[in-house]
Amino acid sequence: MDKWLGYDLEEILNDDPNRSNNISFEDFKLSFVQGDLSLNNVEIIPVSVDSTESILVTVDRFNIEGVSLYKLFFNREIRTETLLIINPKATLKLSSKQAVVGNSTEINKLWEDILTRVTVSDLLVENGQITIVDEKTSQEQLKMEAIDLMVTQIEIDTSTIDDPFPFKYKDIALSAEQIDVNLKEFSIAIPELTATEKTVRIKKIDVLPKSINSNGQTLTIRTDVLDISHFDWGFDNEEFFLRIKTFEINQAGLSVKKEKLISNTGDEKTLLATSLSALPITLHIDSITIKDSHIAYQKINDETNETGTIAFNNVYATAYNITNDSSELTHNKWAMIDIKSRFMNSSSLDAHFEFDLKSTTDAFTGNGKLGKTNLEDLNDMLIPLAGVEASGQLNHFEFIINGNKYNASGSLEMEYDKIKVAVLNSKKDKKNILFSSLADIVINNNNDKESRSYKIGKIAASKVRHKSFIHYLWAALKSGITDIVAPKISHKKNKKRNK
């Protein structure tokens, strides 16, 4: 009887001449009394092996408990208490766009081939595996192993299957291991991921560069733990939205390495307001917190081939109100970022920035302080990057800045004693470094607030279209520092700028 009914079910599932997939299975077992059904070695194979888009599925064991047999055989509908899937393996051959969006024509066709509706009280998946392959390059874009999934009160029908998350549910718990993502410029490795209805935790994520980008940079990110909690997502008037209460990153390492000078004619690097408004989704994050992290910017000197590093250690940062949601912006249009760190492992750095998210010119304000610093502690950075060696005591450093996507202005206070700069390279065409043009120039060696000659620096800088906010901020601070340390150079640059 089981063999005959199994043959009938297989015929029903494969009776459409226009089907895209063939379904087969072994060891069909059925209990009429309890309504239990089990299948072994289930295979779903595309009819057209030459198709550029396809889905291949194998399942070691497929159990259904408390199923309505009438609805399964005659309506191709599953209504059941428990659905258990053991060792499923799915390989999706899709276009890049479909893989990102989360649904595809092939998934919809597979659904139409097999079922019309599913209602399950408890879905359990044990030791699953998913692989997404780019249909053009045949390279794996995503691979996820050791997937365990539990979902309650599932409903799937033709109205839900097109969604990126193609079913309605009440509660969900997911765990997976060894997740590998292959993007155009980066590869991402995640050893462990767990998620529930409102939380996601990722451990030991690595984001590694595959090539040098158009800016001549490589970017590496490593984090110990990444936590997302109290989030909500879905569709509002056909537009995808994501709202997150807290996004926390612990013990992250961010490394940016700039190769030799590369001419750049790339796209504009926009500031925060414009970047958020350009997103294809509605995004709102209450807070992003970074704890006990490290940031390093490495640059190769074009003349000496030496590598210098600008380092921020023990970074603690919080960003608030990161949003492009118009309803949220009516209540609060300001995004705020607070940063505390150890600069070059030598002195404390505190900074605060505010960005007007409704500004059409990306208006922002900022202020910051750097603690007392022995300039000799910065020579590991200055010697390879600037070709200079500095000595002296920086007693106080504080800045206030106002700007937009065009220009920045402000003031900078800098108290110091007995600054000396030894130029180690006689050439005077070094690139964009504070002391690069100070050879043979008399500088102000002291700037004491109690002195009548105490000077406050004037900040004046323009944003370079294809460079980042960090570069823009450094150019602004450098203008204020130069105005204090070498005012003759600053005056000459201002005259050229005003011509």
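The model is predicted, so local features are described only where pLDDT is at least 70 and side-chain atom pairs only at pLDDT 80 or more, while totals for chains, interfaces and linings use all residues. Residues are numbered from 1 along each chain as its sequence is written, and side-chain values rest on heavy atoms, with hydrogens and water left out.

Begin by selecting helix H8, residues 469-485; helices (H or I, at least four residues) and strands (E, at least two) are DSSP runs numbered from the N terminus.

Next, select serine 229 in strand E10 (residues 217-236), which is buried at a relative accessible area of 18%. Leaving aside residues up to four places away in sequence, serine 229 touches Lys198, Thr199, Ile244, Lys245 and Thr246, contact meaning heavy atoms within 4.5 Å.

Move on to glutamine 251, in the loop between strand E11 (239-250) and strand E12 (253-258), where phi is positive at about 50° although the residue is not a glycine. Glutamine 251 is partly exposed, with a relative accessible area of 44%.

Finish at asparagine 345, in the loop between strand E15 (334-343) and strand E16 (347-356); asparagine 345, also not a glycine, has a positive phi near 55° and is exposed, with a relative accessible area of 54%.

Conventions
The expected span of a helix is 1.5 Å times one less than its number of residues. Buried means under 20% relative accessible area, exposed over 50%, partly exposed in between (1.4 Å probe, protein chains only).
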